[in-house]
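Have the viewer open and follow along.

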Amino acid sequence: MDKILVHGGNALAGSIKISGSKNSALPILAATLLTREPCTIHRVPDLSDTHYMLQILMHLGAQVERASGTVTVTAEKADSVAPYDVVRKMRASVCVLGPLLGRCKEATVALPGGCVIGDRPIDLHLKGFEALGAAVRVEGGDVKVFAPKLNGAVINLRGKFGPTVLGTDNVMMAAVLAEGTTVIEGAAAEPEVCDLADFLNKMGAKIEGAGTRRLIIEGVKELHGAEHDIIPDRIEAGTFLVAGAIAGKAVTINRAEPKHLTAITNALTGCGFKVEEKTNSLTVSPNGVAKPLELATEPYPGFPTDMQAQMCALLSTTDGISVVTENVFPQRYMHVAELKRMGANMQLEGPTAVIQGVHRLTGAQVMASDLRASAALVLAGLKAEGITEVSRVYHIDRGYEHLDEKLSELGAHIERVKD
Ligand code: EPU
């Protein structure tokens, strides 16, 4: 297993390019199952999660060709069963359920387990499939959905913690081939959902309202092949902006989409950093003294839960008391104990972290527990005195394309070693 060693104290400067979005690429790759014709997707990030998704597609009978960031998937036939050993490595494999149900009118996919950020139910996905006329059975660790025919319906997908991103994706992917019109109320409005809707529309689907809480989907008989560019990864972009804020003189991210990053740039300016925007690029730099912040995660366009851990790392060395509340995954605080091992002063009160900024973090051996928590530990290591050793780096490789190499390009002293 690889480890990352971060030698803290180097000031970051320069620019890097943002990769295609992981959370767009995964459902879009799954959506290629909806047609027999070839689909070509550009800017697919080179991550273990996208590799897992391609393995699942191949298991289901699709042919996959990959040349650097471009992937062509041809699913002339699609098997409808994805067993546990194929899907267990990645929770997002659940998003093959919708396209398989749409195309084959049946799907059996092993149920995703919980993970460190919460128990991660899929009840809302299943509620949506049932509303379209499918029967749902959970048996032997698998979820089976089947319907002789899917019919459009009005479905409210809003749950206790707000809209569901993959749930909206899944129900939308089944509904594009249903008979009649489906209305999804309480839909997720994340840019990744819009990217999927754009791709489906290029395949011949009729979806309106992407980016709002109400999607209207007029079912069509069949979809055809299409070509698509994945949007820039707003969470990778945000992570590099926070890296620049923690340890930077001036860090520029290129090939980004500034309008998807407003909540993150507002948080950084609220903290006292200067953020300059150009078309497809943003630069963050210090602007005097950094200030503490009150921050709460919310569904898009609010502050993303996927950036909460990285902001905790930044606020841990920002003078004063910051208060962070996690509203989407209230238990998503595995990074707190590890940051405390580096000298951070933070207390958890239910879904809220109260952070008293310290002047100094010290390098320590810390353990990555999930993707974003791991990124937060690397960011804290950029600022800490001495060496921070982050183990279980496979979490980072799930969702950041060459994080260590990109940080090196900015001047970080960072190395990857075998354990
Ligand atoms: N929820 C339910 N029932 C459901 C589905 C979700 O109660 O059927 C709850 C969840 O437990 C959570 C909230 O609803 O409290 C939102 O979860 P959501 O379904 O939106 O999460 P997701 O679609 O499974 C995606 C991203 C996550 C990101 C969340 C929230 C992908 C592959 N994953 O997950 O990304 O945190 O949306 O924005 O798109 C990451 O990239 O590190 C990551 C975890």
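The notes below go through the sheets, the helices, the cores and the ligand site. Keep in mind that this is a predicted model.

## The sheet built on β6, β7, β9 and β8

Start with an open sheet of 4 strands, ordered β6-β7-β9-β8 and mixed in its pairing. The edges belong to β6 (81-82) and β8, and each has a single partner strand, so one side of each is left without a neighbour in the sheet. In general, strands of a sheet pair through backbone hydrogen bonds, in a parallel or an antiparallel way, and this sheet has mixed pairing.

Look at β6 and β7 (residues 106-110) and you'll find parallel pairing over 2 bridges. Val81 sits opposite Thr108 of β7, and Ala82 is opposite Val109 of β7. On to the next pair: β7 and β9 run antiparallel and are joined by 5 bridges, with Glu106 opposite Phe146 in β9.

How buried is β7? Of its 5 residues, 4 are buried, so β7 is largely enclosed by the rest of the structure. Helix α4 lies across β7 and β9, and runs at about 155 degrees to β7.

## A second sheet, from β10 to β12

There is also an open sheet of 4 strands with the order β10-β11-β13-β12, again with mixed pairing. Its edge strands are β10 and β12 (206-208); each of them has a single partner strand, so one side of each is left without a neighbour in the sheet. Ignoring direction, neighbouring strands here are turned by 15 degrees against each other on average.

For a closer look, pick β10 and β11 (residues 181-185), which run parallel and are joined by 3 bridges. Asn156 stands opposite Glu185 of β11.

## The β4-β5 hairpin

Now for a hairpin: β4 and β5 form one, with 2 residues between them. Ser68, in the turn, has a positive phi of about 45 degrees. The two strands, β4 (residues 63-67) and β5 (residues 70-74), pair in the antiparallel sense over 5 bridges, and Ala67 has Thr70 in β5 as its bridge partner.

Is β4 covered or uncovered? It is hardly covered: 0 of its 5 residues count as buried.

Helix α5 (residues 123-131) has Leu124, His125, Leu126, Gly128 and Phe129 buried. Those buried residues pack against α4 (97-104), β8 (135-139), β9 (142-146), β10 (154-156) and α6 (165-175). After α5 comes Gly133, with a positive phi near 105 degrees.

Then take helix α11 (residues 334-341), where His335, Val336, Glu338 and Leu339 are the buried residues. Their cover includes α10 (308-315), β20 (345-349), β22 (365-367) and α12 (371-383). Just after α11, Gly343 has a positive phi of about 105 degrees.

## Nonpolar cores

Which residues have the most contacts inside the largest nonpolar core? They are Met172 and Leu200, in a core of 74 residues. Leaving out residues up to four places away in sequence, Met172 touches Ile184, Val193, Leu196, Ala197, Leu200, Ile207, Leu215 and Ile217. Apart from this core lies another one, of 68 residues, which includes Leu314, Val324, Val366 and Val393.

## Around His42

His42 belongs to strand β3 (residues 39-42). Its side chain makes a polar contact of 2.6 Å with the side chain of Glu227. Besides Glu227, His42 touches Gly69, Thr70, His228, Asp229 and Ile230, again not counting residues up to four places away in sequence.

## The ligand site

Which of the 23 residues around the ligand come nearest? Those are Asp123, Thr164, Asp306, Val328 and Arg372.

A backbone N or O atom of Val165 is 2.8 Å from a ligand oxygen, while a backbone N or O atom of Pro121 is 3.3 Å from a ligand oxygen. With Arg332 it is a polar side-chain atom that lies 3.3 Å from an oxygen atom of the ligand.

Note on methods: Residues are numbered from 1 along each chain as its sequence is written. This is a predicted model: local features need pLDDT of at least 70, side-chain atom pairs count only at pLDDT 80 or more; totals for chains, interfaces and linings use all residues. Side-chain values use heavy atoms; hydrogens and water are left out. Buried means under 20% relative accessible area, exposed over 50%, partly exposed in between (1.4 Å probe, protein chains only). Contact means heavy atoms within 4.5 Å. A nonpolar core is a set of buried Ala, Val, Leu, Ile, Met, Phe, Trp, Tyr and Cys residues joined through side-chain atoms within 4.5 Å. Two strands pair if DSSP finds at least two bridges between them. Axes are lines fitted to C-alpha atoms, for helices over the stretch in contact, and angles run from 0 to 180 degrees between N-to-C directions. A residue is near a molecule or strand if one of its heavy atoms lies within 4 Å of it. A polar contact is a pair of N or O atoms within 3.5 Å; within protein, one must be able to donate a hydrogen and the other to accept it, and residues adjacent in sequence count only if both atoms are side-chain atoms.
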